Amino acid sequence: MHSTHLFGLLSAFAATPAIVAAYDTLLFTEDFFPLINTRLDPIVTPGKVSSHVHHVVGSSAFSATQDHKLSQSGKCTTSNLNCDKSNYWTPQLYYKWKNGTYTAVTGDGMTNYWKYPLTNTDEANPFAEIPDDFRMLAGDVKRDDFDVNKAVSFLCVDAQYSYDYTDYMPTDRECLTLRPQLHFPECWNGVDSYKEDNSHVAYPVDANPEGGKCPDGYKKIPHLFMESTYHIKTENIGEGYEWYPGCFVLANGDNHGFSLHADWLNGFPTNFLTDAFHQCYDKASGEFTKDCQFIQQYRGDIGRDCVSEGDVVNELVGQHFAIPALPGNNPEYNSSKLSDNYPKKEIPGYTEQASIVKATEQNGGLCNQGVCTDYKGNDAVIQQQQAGNAIPTSSGPTSSAVSAGTAVQASSAADYGVTSAVATPELGQTSSTGAPVESAVTGIPTSDTLRPTNGDLGSDATMSILPITTPGEPAKELPTMAAIQIGVAGDDPASVSGNGNRWGGGRWSRMFSRV
Ligand SMILES: *[C@@H]1O[C@H](CO)[C@@H](O)[C@H](O)[C@H]1NC(C)=O
Ligand SMILES: *[C@@H]1O[C@H](CO)[C@@H](O)[C@H](O)[C@H]1NC(C)=O
């Protein structure tokens with residue numbers, strides 16, 4: 001595994017333009033603000049409440065029955081490429097408090113890399129055109145071992161600014177940045193928009209997820225590499241955050257990470273991805289024109305003002321309050337088959353209490369300018385804690401205080417302190433259903449965090465991932481890429497944001513994805 005000193009690395013990058021050649025398969029990137037964190041998955045469980053909470057970006061139309069047509073009807077996208085009305089989603093990352101409750105970690109949205117590895121491709125017909133209704137999954141929610149396809153990994157940047165990639169979430173050190181990331185399959189059977197077992201697509205057979213050899217009968221399609229960056233700090237988790245081994249859990253209950261997966265539901269204009277290739281690839285030189293005119297015509301402000309107009313599930317997802325259990329039937333487990341906490345022991349007889357409702361700003365449950373809130377409608381459902389989930393501590397309640405296994409309907413969302421998006425219920429308050437009211441954890445990002453991101457976007461692009469505003473405060477001006485470039489030219493990356501730790505999204509991504 002690689003490990004190096006970040007500041008050294010950064011200045012090396014700034015001073016050595018030749019390194020750009022390492023990106024010759026990268027045609028364009030997209031940075032996304034979060035759209036919604038909810039239990040929907042229109043690919044795997046269309047029309048239903050899905051099994052776990054997803055962190056979703058992209059088209060504002062995102063709904064339980066999303067398809068290409070519906071995507072296109074979205075009034076906006078949270079991407080900074082305004083023609084991409086796709087949706088992308090992956091399990092939300094949670095922090096587990098020592099008393100067994102969970103808080104959603106505030107993330108940076110996503111960064112996507114569209115790459116066109118030219119190896120093993122037919123010059124005459126390099127990348128197949130995908131149908132409008134194309135969808136696919138990356139990774140495997142059932143995985144219980146190292147990924148033979150080498151598609152899934154986690155980046156960890158530690159307190160010494162050393163970084164490392166692992167196939168699982170590290171338990172031997174605290175990560176200041178934790179970034180689940182994955183390659184999508186780049187081989188397609190040339191026929192199906194989707195197959196229920198995802199077999200219409202495949203990873204390369206040679207364990208080379210990017211530019212590898214496709215199985216016989218499969219064609220190359222453009223390559224998607226996706227990152228979701230989480231800055232692990234009190235502002236993004238809540239007062240009292242402290243690291244301990246195993247404190248991070250994916251929304252499906254996996255505290256190890258082998259099961260990391262993601263979904264892409266295509267919402268690009270017809271043949272955009274192949275058109276981009278033909279328009280931006282200079283055959284004579286064999287090189288890409290980075291972010292060429294064809295792509296730039298769609299470059300807009302990053303979609304931070306784009307708010308969901310689709311569906312949401314009427315439940316608390318731990319956005320600002322520690323919730324007693326992960327939403328859905330998701331007892332915590334370790335996805336390594338060698339662990340004694342494997343396999344996942346789902347609650348028998350679990351019945352779904354939550355339902356799909358229209359997303360409205362009034363009812364919350366969606367993200368606005370990077371700040372995601374919990375659903376606060378009167379019908380809000382809260383998943384109850386499973387017995388035995390708490391980590392024994394000298395203080396703090398034990399899990400026997402709450403009943404095992406079922407979701408209860410809150411008689412009133414106010415019972416859970418959900419009177420406003422940033423409500424602060426009193427500690428020790430008890431709801432009419434007897435469920436404990438969680439003390440508020442702020443989870444609200446601070447406003448002083450301007451994060452420069454990807455340099456591939458042109459110097460006038462206004463770039464930041466998150467967060468931009470604090471509710472009640474005026475929006476901050478975002479630095480332009482030109483300003484960021486000047487900042488980067490110095491040796492001290494802290495000169496841009498005032499805090500090297502806070503560098504987010506694409507800038508990290510760009511460096512780390514190819515090192
Ligand atoms: C999960 O199990 C593996 C294999 O036993 C172990 O190495 C890892 O530390 C475990 N992770 C957690 C969070 O317990
Ligand atoms: C568990 O700990 C969190 C974080 O300190 C707190 O917000 C929450 O109220 C606690 N929950 C219970 C049931 O004690």
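Biologist: In β15, which residue is the bridge partner of K115?

Modeller: Strands of a sheet pair through backbone hydrogen bonds, either parallel or antiparallel. Helices (H or I, at least four residues) and strands (E, at least two) are DSSP runs numbered from the N terminus, and two strands pair if DSSP finds at least two bridges between them. In this structure, H223 in β15 is the partner of K115. This is a predicted model, in which local features need pLDDT of at least 70, side-chain atom pairs count only at pLDDT 80 or more, and totals for chains, interfaces and linings use all residues. Residues are numbered from 1 along each chain as its sequence is written, while chains are lettered from A and ligands numbered from 1 in the order in which they are written.

Biologist: In which sense do β7 and β15 pair, and over how many bridges?

Modeller: β7 and β15 (residues 223–227) are antiparallel, with five bridges between them. β7 also pairs with β1 (residues 26–32), in the antiparallel sense over six bridges; there, T29 stands opposite Y113.

Biologist: Which residues of β7 lie on each side?

Modeller: In a regular strand the side chains alternate between the two faces of the sheet. In β7, M110, N112 and W114 lie on one side, T111, Y113 and K115 lie on the other, and all are buried. A residue is buried if 20 or more other C-beta atoms, placed from the backbone, lie within 10 Å of its own, exposed if 12 or fewer, and partly exposed in between. Six of the six residues of β7 (residues 110–115) are buried, so this strand is largely enclosed by the rest of the structure.

Biologist: How many of the five residues of strand β8 are buried?

Modeller: Four of them are, so β8 (residues 135–139) is likewise largely enclosed by the rest of the structure. Its antiparallel pairing with β18 (residues 261–265) spans five bridges, and G139 stands opposite H261.

Biologist: How many residues has the largest nonpolar core?

Modeller: A nonpolar core is a set of buried Ala, Val, Leu, Ile, Met, Phe, Trp, Tyr and Cys residues joined through C-beta atoms within 7 Å. Here the largest has 101 residues, and L182 and M226 are among those with the most contacts inside it. Strand β9 (residues 152–158) gives the most to this core, namely five residues. Two residues are in contact if their C-beta atoms, placed from the backbone, lie within 7 Å. Setting aside residues up to four places away in sequence, L182 touches several residues, including G139, M226 and A262.

Biologist: Which residues are around ligand 1?

Modeller: A residue is near a molecule if its C-beta atom, placed from the backbone, lies within 6 Å of it. Around ligand 1 are T171, G246, N255, H256, N334, S336, L338 and S339.

Biologist: Which residues does a cis peptide bond join?

Modeller: The cis bond lies between Y342 and P343, with omega about 0°. P343 belongs to the loop between β21 (311–313) and β22 (356–358).
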